[in-house]
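Subject: Handover of a structure for your review

Dear colleague,

Please find the structure below, together with its sequence.

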Amino acid sequence: MTFSLAPTLAGFAFGLSLIVAIGAQNAFVLRQGIERRHVLAVVAVCAVSDILLIGAGIAGAGFIVDSAPGLLKFAYWGGAAFLICYGLLSARRAYRPTSLTTEHTPDPARIGTAIVTACALTWLNPHVYLDTVVLLGSVAATYDTARVWFGVGAATASIVWFTALGFGARLLRPAFSKPSAWRILDGAIAAFMLALGATLVAQAVNS
């Protein structure tokens, strides 16, 4: 299988745009990093969980496309609609930014509790299945034989993000406690989502 740079970079950017939104999982990783409690274990659990979910999305979408190629056009339109809606929601968050707080996130003292909490925040979140298995898998399917590299890029984004968030938390906390920082971040996510959604619309029309 020949390495393909463009799908890998697209997967990395897409995966990163999905994972950096404010959420309970990120807040928990941030707090663990700030307090330097079991950071490696928590980062590993979150990253490995994402890799498994991304792999499931890539494999499932690939099987569906291979067995019913006619569904590819549906994937274009469905992915485009979701991306555009997601982009508009990100734009709304950028217009009305919030600050990240960690006061009410779990505070485990033992590594077992930290791991269980990280697993719960990942696997019990219904949005993670929509984002990684359904949405990311559908977008990856549009890359046909290069969809594996799209998944590799998305998985790499998860590893990079959780590592940076967990181990760089002391540096990130002052910045992300300000609404203006989330305004910039959500604005960038909105721009990427809308641009990718427009690209899928163009591909659907031309397919």
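The protein contains 9 helices and 0 strands, where helices (H or I, at least four residues) and strands (E, at least two) are DSSP runs numbered from the N terminus. Along the sequence, the pattern reads α-α-α-α-α-α-α-α-α. This is a predicted model, in which local features need pLDDT of at least 70 and side-chain atom pairs count only at pLDDT 80 or more, while totals for chains, interfaces and linings use all residues. Residues are numbered from 1 along each chain as its sequence is written, and side-chain values use heavy atoms, with hydrogens and water left out.

Of the 207 residues in the protein, 43% are buried; buried means under 20% relative accessible area, exposed over 50%, and partly exposed in between (1.4 Å probe, protein chains only). A contact requires heavy atoms within 4.5 Å. Among contacts between residues at least 6 apart in sequence, 88% join residues at least 24 apart.

Helix 1 covers residues 5–19. Its 15 residues reach 21 Å from first C-alpha to last, close to the expected 21 Å; the expected span is 1.5 Å times one less than the number of residues. The buried residues of helix 1 are P7, T8, G11, F14, G15, S17, L18 and I19. T8 counts as buried because its relative accessibility is 13%. Beyond its neighbours within four places in sequence, T8 touches F3, W149, F150 and G153.

Helix 2 (residues 24–35) packs against helix 8 (residues 169–176) at an angle of about 120°, with the axes 8 Å apart. Axes are lines fitted to C-alpha atoms, for helices over the stretch in contact, and angles run from 0 to 180 degrees between N-to-C directions. Helix 2 is therefore oblique to helix 8, given that angles under 35 degrees count as roughly parallel, over 145 as roughly antiparallel, 65 to 115 as roughly perpendicular and the rest as oblique. At this contact, L30, G33 and I34 of helix 2 meet A169, R170 and R173 of helix 8.

Helix 9 (residues 179–206) has 28 residues and extends 41 Å from its first C-alpha to its last, close to the 40 Å expected. Buried in helix 9 are A181, W182, D186, I189, A190, M193, L196, G197, L200 and A204.

Yours sincerely
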